[in-house]
Structures are given as C-alpha cells and as structure tokens.
Amino acid sequence: MDSNDTTRGLVVLAVDDEQPALEEMAFLLDEDPRVATVLKAGESTEALRILNGRRAGAAAGAGAGGGADVAEQTDIDAVFLDIRMPGLDGLELARVLQNMAVQPAIVFVTAHDDRAVDAYDVGAIDYLLKPLRTERLSAALDRILSTRRSGPVETVREETGGDDEVIPVELAGTTKLVPRSAVRYVEAQGDYARLHTTEGSHLVRIPLSVLEDRWRDAGFVRIHRSFLVALPLVTELRLAGSGYVVRIGSGPETAELPVSRRHTRELKDRLVRATKQAWSQR
C-alpha cells in the first residue's frame, strides 16, 4: 500500500487506555466515509507493536525498489491518541513517532486543556477535547487530508528553529492556531499570557517568561515585566515623562507600551543591532 496515495481512504490508529473512550473514538472515526480502516490500541506499547507491524508490512510491500527510508515508514496515516495514559504517555509516544523519516499525522484527543502547547511541540496537527464532537473530528480529518495532498509529514528537527511556530488557542471547544509571526506583542496576565495580533487577542496558559525564552531567537524582546514585543514591529522608541515607551506598528493598529528601566538598555542594543544588520544586507 502506498502511503502517499491520496485516492485511498485513511488508515488511522486510535489509542486510549479507557475502553469506553477508545470505542467511542473508533466508532466516530469509522463513521466518517474518508476513513477506510480503524485500528485500536489500549496503551502506547500496543500502539507501537501495531505501528512496527504495519511498518514492516510497508517495507516488504515496497520490495527492493522501495527507495530510502522505506523501513521507517508506515501505511498508517494518522494516530489519534490520549495524552494521560499509564506507562508511556501520549506525548512520549508522539516523540517516538517523530523519529520516523515519514511519520503519521498526530492528533491528540484528551479531557485536559493544559497540554496543548506541549502537544504542538511534538508535531501534532490538532488537539481535540473530550467529549469528542463529530464536527471537530471532521475538521481534524480535513487537516490530515490536506497534509497528504501537500506531501508527507517530515520530522522537523531542532536546527529548523527559524520556522514559524504555531500556538494553539482553545476557545469554547474550538482550537484556533495562531502563528507566532502574527503576534505583535504579548502581555502577562498572572500565569497566563495574552497574545495580541492585528485581529484581536488570545489568552494562553503559558507564562510570559517561557515565551521570552522560546521566542528570543525569533526576534521577540522583553521590554517590561508585563510585555514582550516583536522587535521588527517596533517603529518608535521615545522618552515620555519618567520613562521610555515603544510604539508597535502604525496607523489605527498602533500600540504604545511602557519600557522599564531595567530593560531599556537591552532594547536599545537590540534595536541598534537589528538596524545595522538590515543596512549591511542592502
């Protein structure tokens, strides 16, 4: 079976240690006409046995002319899995799948909304909350099919850190994917962070300090204990009253944010370096 054949129905593996939840997930998947085969596993070890068996079958079917990496491929298109499971949990299983040259699409189905960022860090294409709704499951299958049409899912290694990160935002049972490049600035709100874009703002369950560390190399700089800004969007730094403020963007979407004294020097240094780098590339 050719895993790149976009005309065949999807082969999916459902993984959940709770039998009723597993049966429900498998039933809903099987009801979708785009799904040809639903395999089931009650825990991660069993899922790995199934994946390894299908992988061996894919390699044998490819024959001598199968090409490189065929031994690391499987004809399973997607794995729908729970996160919290005994033994090897869903996130750990997803990390194992990342080692495959061509990995199946990963969709998490969980009752917990606090692991979405971790889920997307391991390459998940969707994050569904229990109880599973048919329309959300259908949207996840849409994404899987879109990925199949655009080519195989290749593992993203750490050295590709320049790629645009996607931040999952949960709102009323719907997961909205916000690209990091759309974020103008981030505002701390306790243990949460509010992402401000031109289209609005989104609250995520992640501390500002974590985003500061993760996004430093992507051009974000801390200007205040409550604010992290996208450096390329800073259009002005000026003294106002007792301290500095920065202007983000221009026109009706302009935002002015305070700069604390402890962050002023770093902001100035990074603005100067960014300007010099821009001129040196001309």
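**Exercise 1: An aromatic pair**

Trp 215 and Phe 220 are both buried (buried means under 20% relative accessible area, exposed over 50%, partly exposed in between, with a 1.4 Å probe and protein chains only). Before going on, note that this is a predicted model, in which local features need pLDDT of at least 70, side-chain atom pairs count only at pLDDT 80 or more, and totals for chains, interfaces and linings use all residues. Residues are numbered from 1 along each chain as its sequence is written, and side-chain values use heavy atoms, with hydrogens and water left out.

Task: classify the pair formed by the rings of Trp 215 and Phe 220.

Solution. Start with the rule: rings of Phe, Tyr and Trp (its six-membered ring) pair if their centres lie within 6.5 Å; planes under 30 degrees apart count as stacked, over 60 as edge-to-face and the rest as tilted. A search of the whole structure gives two aromatic pairs. In the pair of Trp 215 and Phe 220, the ring centres are 4.9 Å apart and the planes lie at 50 degrees, so this pair is tilted.

**Exercise 2: A helix with a buried face**

Task: check the length of helix H1 (residues 19-31), then find where its buried residues lie.

Solution. Helices (H or I, at least four residues) and strands (E, at least two) are DSSP runs, numbered from the N terminus. The expected span of a helix is 1.5 Å times one less than its number of residues. With 13 residues, H1 should span 18 Å, and its end C-alpha atoms are 18 Å apart, which agrees.

Next, list the buried residues of H1: Ala 21, Leu 22, Met 25, Ala 26, Leu 28 and Leu 29. Seen down the axis of H1, they fall within an arc of 165 degrees, so they line one face of the helix. The arc is that of the directions from the helix axis to the C-beta atoms. On the face turned away from the buried side, H1 carries the exposed residues Pro 20 and Glu 31.

**Exercise 3: An annotated residue**

Task: describe the surroundings of Asp 82.

Solution. First, locate Asp 82 in the loop between S3 and H3. Its relative accessible area is 5%, so Asp 82 is buried. Then look for contacts (heavy atoms within 4.5 Å): leaving out residues up to four places away in sequence, Asp 82 touches Asp 16, Asp 17, Phe 108 and Lys 130, among others. Finally, an unreviewed UniProt entry lists Asp 82 for "modified residue: 4-aspartylphosphate"; such annotations may be inferred rather than shown by experiment.
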